[in-house]
Amino acid sequence: MAKPKAPRRTLESYSVKHISKTIRAADCVLMRPSDPAKPSYVARIERIEADARGANVKIHVRWYYRPEESIGGRRQFHGSKEVFLSDHFDVQSTDTIEGKCTVHSFKSYTKLDAVGNDDFFCRFEYNSSTGAFNPDRVAVYCKCEMPYNPDDLMVQCEGCSDWFHPACIDMTVEEAKRLDHFFCESCSAEGQKKLQNSHSASRLSDTKVDTKRRRRQ
């Protein structure tokens, strides 16, 4: 007669000695890939379990996919630190944990002053069998009507408040950085009137074009 498996118990936390970090459910971690040439996998811990003696610790994880791991592959608007929360669950040994990381919401990530090596962001959930995303659409910007890639610099029109890639408005990144004001084609006539009617030249010189881009450490 087969010996019944010993019951396992759920741990609230566990100290991973080889990285000197304590992990808990809902923490995000970097996991060692099967191919050393690939970047670390990113996962969210769902549950931590151990045997009755507190040994043989396993983590139940929900994987994040990188864009290149999805059915559609990486696209122009995907950020270099973007990951998708998948429906792929797994059980792994704590020995495969390489470190802890943070997966920010898209909004929180775009407000970071600096992006570290262990910072990622997620704006989509991903169905690994169908390749479907949730949400299935997001806001688009610029003439190219692309979702925002936080790695790219963009300039904002002072008239309509839309954002534009420098290349899409026949401008280099360096030129965009030097702008004091920007009005898109549709708003340029109205924008020129606003500038001419301004009461303070010094106030104009202090106003810089708002730009969107994350800075990395």
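Reader: How many salt bridges does a search of the whole structure find?

Author: The search finds ten salt bridges. The term covers a side-chain nitrogen of Lys or Arg within 4 Å of a carboxyl oxygen of Asp or Glu. This is a predicted model: local features need pLDDT of at least 70, side-chain atom pairs count only at pLDDT 80 or more, and totals for chains, interfaces and linings use all residues. Residues are numbered from 1 along each chain as its sequence is written, and side-chain values use heavy atoms, with hydrogens and water left out.

Reader: What makes Lys-100 and Asp-27 a salt bridge?

Author: Their closest N and O atoms are 3.3 Å apart. The limit is 4 Å, so the pair qualifies. Lys-100 lies in strand S8 (residues 97-105), and Asp-27 in the loop between strand S3 (21-24) and strand S4 (28-31), so the bridge ties together parts 73 residues apart in sequence. Strands are DSSP runs of E, at least two residues; helices are runs of H or I, at least four; both are numbered from the N terminus.

Reader: Why is Lys-100 called partly exposed?

Author: Its relative accessibility is 27%. Buried means under 20%, exposed over 50%, and partly exposed in between (1.4 Å probe, protein chains only). The value falls in between, so Lys-100 is partly exposed.

Reader: What makes Arg-123 and Glu-82 a salt bridge, and are they buried or exposed?

Author: Arg-123 is in the loop between strand S9 (119-122) and strand S10 (125-126). Glu-82 is in the loop between strand S6 (58-65) and strand S7 (84-93), 41 residues apart from its partner. Both residues are buried.

Reader: Which residues do shared partners join into one network?

Author: Arg-8, Arg-47 and Glu-49 are joined that way by salt bridges.

Reader: How many cavities of 30 Å³ or more are counted, and what makes a space a cavity?

Author: The count is one. On a 1 Å grid over the protein atoms alone, a cavity is a set of points where a 1.4 Å probe fits but cannot get out. Grid points are joined across faces, edges and corners, and a volume is the space filled by probe spheres set on the points. The largest cavity holds about 40 Å³. Its lining includes Gln-76, Met-146 and His-165; lining residues have an atom within 4 Å of a point.

Reader: Why is His-165 called buried, and where is it found?

Author: Its relative accessibility is 11%, under the 20% limit, so His-165 is buried. The residue sits in the loop between strand S13 (163-164) and helix H2 (173-178). Beyond its neighbours within four places in sequence, His-165 is in contact (heavy atoms within 4.5 Å) with Cys-142, Cys-144, Asp-152, Leu-153 and Met-154.

Reader: What makes a space a pocket, and how much space lies in the largest pocket?

Author: A pocket is an open set of points with protein on both sides within 12 Å along at least five of seven lines. The largest pocket holds about 250 Å³. Of its 16 lining residues, the closest to the centre are Arg-75, Phe-77, Phe-124, Phe-133 and Asp-136.
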